[in-house]
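User: Could you take a close look at one helix for me, and at what it packs against? I'd like the cut-offs spelled out along the way.

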Amino acid sequence: LMEEECGRLSILDGQHRVGMMALLSEEQRKIVEKNQNVNGDNGTQSTNDDKVDPLAQLDLDNILVEVFLPQQKNNNTDTVLVDSKKQQPPPEEQDDKAIIFTEINKAEPIKLLDLPGVTNKRTRDVIDYAANHFYNAFPEMFSPSQKCRAPHLNLDNLRDALFASEVIKREKVGSGGELVKWMAKKNDELKEVYTSGDVMDGGKKVSENALKKAKKHEFYLGLESTWLYK
């Protein structure tokens, strides 16, 4: 929510959740009415506690939300230069709601590997070492976007894929260096496949431009993901 200076609240993001709560509230009302007809009381309890609907106990009047306040306006009369390439107004002239909405929707979901308690530090360190090695060795083949296309990889996506494929356990990888060697071997195997001349006849679906860039930088791990499971 955004609270304006006058106290007015606006929904910045999550309007669909408000709609969901409205539907849940209506379902709660129906449950209360049904219980009133059965029990003749206020409808919040059932004659059998085991049959109490969890939805009836959900407190929709107390929902924790984050509230943003307007940024303090700068009263300084000095001239503010605008980047001619971006053609954006200075921050104090931008709409607060638009800025916060943009920041919210730029956020990337946290990866499984980084969730607390999912794996141990050793496994994470091994994966981080190998992923960062290739990220630094082939910077042109990595994209900051998690929705990147072949032949590019995203660093966080690569880390998560290495974890999800259980390659460390399956290949009995003991260190980051060993994982680097294993990935380098897989890259060489893919190179052999994609430079054989009949890659298209083998059912490999990859664009000409993607293959051209992979060959230029000799990095093929971003063309497909099957190497993670072989």
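Analyst: Happy to! The buried residues of helix 3 are Thr123, Val126, Ile127, Asp128, Ala130, Ala131 and Phe134, where buried means under 20% relative accessible area with a 1.4 Å probe, protein chains only. Among the elements that cover them are helix 4, helix 5 (167-170) and helix 6 (176-194); helices here are DSSP runs of H or I, at least four residues, numbered from the N terminus.

A note on the source: this is a predicted model, in which local features need pLDDT of at least 70 and side-chain atom pairs count only at pLDDT 80 or more, while totals for chains, interfaces and linings use all residues. Residues are numbered from 1 along each chain as its sequence is written, and side-chain values use heavy atoms, leaving out hydrogens and water.

Now the partner. The axes of helix 3 (residues 121-137) and helix 4 (residues 155-164) come within 10 Å and cross at roughly 135 degrees; axes are lines fitted to C-alpha atoms over the stretch in contact, with angles from 0 to 180 degrees between N-to-C directions. The two helices are therefore oblique to each other, a class left over once angles under 35 degrees (roughly parallel), over 145 (roughly antiparallel) and 65 to 115 (roughly perpendicular) are set aside. On the helix 3 side, Thr123, Arg124, Ile127, Asp128, Ala131, Asn132 and Tyr135 make the contact, and on the helix 4 side Leu155, Leu158, Arg159, Leu162 and Phe163, contact being heavy atoms within 4.5 Å.

Thr119, in the loop between helix 2 (96-106) and helix 3, is buried too, with a relative accessible area of 19%. Leaving aside neighbours within four places in sequence, Thr119 is in contact with Leu113, Arg124 and Phe163.

Methods:
Buried means under 20% relative accessible area, exposed over 50%, partly exposed in between (1.4 Å probe, protein chains only).
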